[in-house]
Amino acid sequence: MADGPTINTIAERAGVSIASVSRVLNGLPTRQETVRKVMAAADELGYVRNAVARSLKSRRTHQVAFAMADVGNPAYLAMLRQIQPVLKAAGYRLVLHSTDAVVEDEIAVLHSLGERYVDGLIMVPLRVTDAHLQMLAAARAPVVIIGSVPEGTPVDNVRADSRTGVRLALDHLHALGRRRIALVNGPLDTVPGAARGAAYREALGDLGLPYDEDLVRIGDFYRTDGARAVAGLLAARPDIDALMCANDLIALGALDVLRALGRRVPQDVAVVGMDDTDLAAASWPSLTSVSLGSAERGKAAAELLLERLQGGEREPRLVTVPPRLAVRASTAGPAYAGGKYAEGKYAEGKYADGQEDGA
């Protein structure tokens with residue numbers, strides 16, 4: 001508990017809202033009568049005068065940072081296209097950080113919040129370490145995380161539900177008669193890699209299919225890694241009739257290899273990606289993919305951050321965006337080349353006990 005007066009006690013003495021006190025102490029435009037009441041209450045309660053003065057004189061940067069693993073990844077570009085207009089309309093500029101998913105770079109971005117070069121941060125960490133959690137707890141500016149963080153982390157959090165997304169994909173492949181469904185995944189020490197690997201194994205069990213380690217390859221979330229993994233899979237297991245890929249870039253690498261080997265898609269091997277990026281609809285054949293709502297997650301994160309920047313004081317919020325399956329030619333043939341969102345009991349983002357993996 002604070003030893004001296006707090007924003008709450010000042011608000012109570014002045015007879016104004018906590019948000020109004022925050023605006024005054026941060027030098028934001030506020031009615032002069034409100035400024036007078038807040039300053040008088042601060043004096044009466046013994047609020048350190050020079051701290052108030054510094055706050056009133058401090059300059060807001062009107063900049064917000066967006067830190068993601070790879071600015072060239074179309075899933076992050078979809079987020080960016082939604083984040084920018086929301087913040088721009090409120091008078092904020094966007095600063096981009098491409099961290100290559102390097103933990104030290106992400107920690108450095110969080111640490112730099114103390115330098116006040118931005119007013120807030122939206123971050124998409126692939127790995128969440130103890131160092132991340134320590135920096136988030138001590139953050140000197142509002143932070144919104146797109147991805148999964150442990151319960152109790154004091155930040156707003158926007159999540160996907162790739163667990164349900166994987167189940168949508170495997171249900172679809174199973175309904176098409178595919179029984180030797182391989183998984184090409186990203187690193188298991190990442191939030192999405194771990195979640196999608198676990199979901200794949202669970203979905204196979206629910207469908208009555210055996211889990212076979214020979215049908216799983218771990219690489220990274222890039223097209224070249226996808227191609228390399230699929231080439232190895234097909235060399236070892238030419239009987240594979242479907243590929244579940246952990247993102248669209250991996251799936252595009254898979255299509256490259258299948259085309260080079262003369263394997264027909266989807267007749268010989270059906271392929272499903274994740275993220276449903278612009279590349280999915282533009283590929284040949286067009287790629288069936290699970291939409292994890294990248295655009296929706298970006299917009300939700302921007303709106304949550306804007307609430308904080310505008311003085312909103314509340315408990316951290318969790319927003320989960322449900323997945324959808326866009327069915328295209330890579331699984332269902334040319335008749336679906338334009339894409340069609342699947343319907344059904346899993347399409348609403350509810351699965352089993354209602355838990356979301358957040359990846």
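This is a predicted model: local features need pLDDT of at least 70, side-chain atom pairs count only at pLDDT 80 or more; totals for chains, interfaces and linings use all residues.
Side chains of opposite charge can pair when their charged atoms come close. The structure holds 20 such salt bridges.

Start in helix 8, which covers residues 162–175. Here Asp 171 and Arg 167 form a salt bridge, at 2.8 Å from N to O. The two are four residues apart in the helix, so about one helical turn separates them. Asp 171 and Arg 167 are both buried.

Next, look at a pair from two loops. Asp 241 and Arg 180 meet through their side chains in a salt bridge of 3.8 Å, N to O. Asp 241 sits in the loop between helix 10 (223–236) and strand 8 (242–245), and Arg 180 in the loop between helix 8 and strand 6 (181–185), so the bridge ties together parts 61 residues apart in sequence. Asp 241 is buried, at 10% relative accessible area. Arg 180 counts as partly exposed, because its relative accessibility is 35%.

A further pair also links two loops. Arg 328 bridges to Asp 276, with 2.8 Å between the closest N and O atoms. Arg 328 lies between strand 12 (324–327) and helix 14 (329–332), while Asp 276 lies between strand 9 (270–274) and helix 12 (278–282); the pair therefore ties together parts 52 residues apart in sequence. Arg 328 is buried, at 7% relative accessibility. Asp 276 is buried too, with a relative accessible area of 15%.

Technical notes:
Residues are numbered from 1 along each chain as its sequence is written. Side-chain values use heavy atoms; hydrogens and water are left out. A salt bridge is a side-chain nitrogen of Lys or Arg within 4 Å of a carboxyl oxygen of Asp or Glu. Buried means under 20% relative accessible area, exposed over 50%, partly exposed in between (1.4 Å probe, protein chains only).
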